[in-house]
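Please work through each task before reading its solution.

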Amino acid sequence: MAEPIMITRFVSIDPSEIEETFVRGSGPGGQNVNKVASAVQLRFDLANSPSLSEPMKRRVAALAGSRLTKDGVIVITSNSHRDQPLNRAEAQARLVALLREGAHPPKPRIATRPTLASKKRRLEGKTIRSGVKRLRGAPGTED
């Protein structure tokens, strides 16, 4: 049995949840690219993963963007290396990085009030800008 893949200290996924298929890559490799399936396409079923909590699944789904299919499967393709093991390791590292980023809930924003000085700077900038625009008008229309 394979060792679980650690995401955080408390979250890990079973390697059996990851499905890898090898395809011919378009990356470096010259003529070898046409013969060897060195690119890897990693699939992770996020929607049906028993290892992840629902809030974490929602955060990861938002982060995954176009890598997430309609069925809730994350697809990561790696073809930047010439050999299969390096592409495989890179794809797995990218999945782990994505899951780590989604493991921590975002820090809530605390609303703050603008300072008096920043309000004055903003209004002074608007006054200067309106003066510049006023000077662009037709001659003789000034006050």
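**Exercise 1.** How many salt bridges does the structure hold?

*Solution.* The model is a predicted one. Side chains of opposite charge can pair when their charged atoms come close. The criterion is a side-chain nitrogen of Lys or Arg within 4 Å of a carboxyl oxygen of Asp or Glu. The structure holds three salt bridges.

**Exercise 2.** Determine which parts of the chain are tied together by the salt bridge of glutamate 20 and arginine 88.

*Solution.* 
1. Glutamate 20 and arginine 88 form a salt bridge in which the closest N and O atoms are 2.6 Å apart.
2. Glutamate 20 belongs to strand S3 (residues 18-23), whereas arginine 88 belongs to helix H2 (residues 84-103), so the pair ties together parts that are 68 residues apart in sequence.

**Exercise 3.** Lysine 57 pairs with glutamate 54. Is lysine 57 buried or exposed?

*Solution.* 
1. The side chains of glutamate 54 and lysine 57 meet in a salt bridge with an N to O distance of 3.4 Å.
2. Buried means under 20% relative accessible area. With a value of 9%, lysine 57 is therefore buried.

**Exercise 4.** Describe the separation of arginine 94 and glutamate 90 along their helix.

*Solution.* 
1. A salt bridge joins the side chains of arginine 94 and glutamate 90 (3.3 Å, N to O).
2. The two residues are four residues apart in helix H2, which means that about one helical turn separates arginine 94 from glutamate 90.
3. Arginine 94 counts as partly exposed at 31% relative accessibility, and glutamate 90 likewise counts as partly exposed at 22%.

**Exercise 5.** Which residues form a positive surface patch, and where is lysine 119 placed?

*Solution.* 
1. The positive surface patch is made up of Arg113, Lys119, Arg122 and Lys126.
2. Lysine 119 is located in helix H3 (residues 116-135).
3. Patch residues must have over 30% relative accessible area and no salt bridge. Lysine 119 has a relative accessibility of 35% and therefore counts as partly exposed.

Key:
Residues numbered from 1 in each chain as written. Predicted model: local features only at pLDDT ≥ 70, side-chain atom pairs only at ≥ 80, totals over all residues. Heavy atoms only, no water. Patch = residues over 30% accessible without salt bridge, like charges linked within 9 Å, V, L, I, M, F, W, Y side chains within 5 Å. Areas by Shrake-Rupley, 256 points an atom, 1.4 Å probe, with all protein chains shown as cover. Lys, Arg positive; Asp, Glu negative; His and termini not counted. Charge placed at Lys NZ, Arg CZ, Asp CG, Glu CD. Buried < 20%, exposed > 50% of the residue type's maximum accessible area, 1.4 Å probe, protein only.
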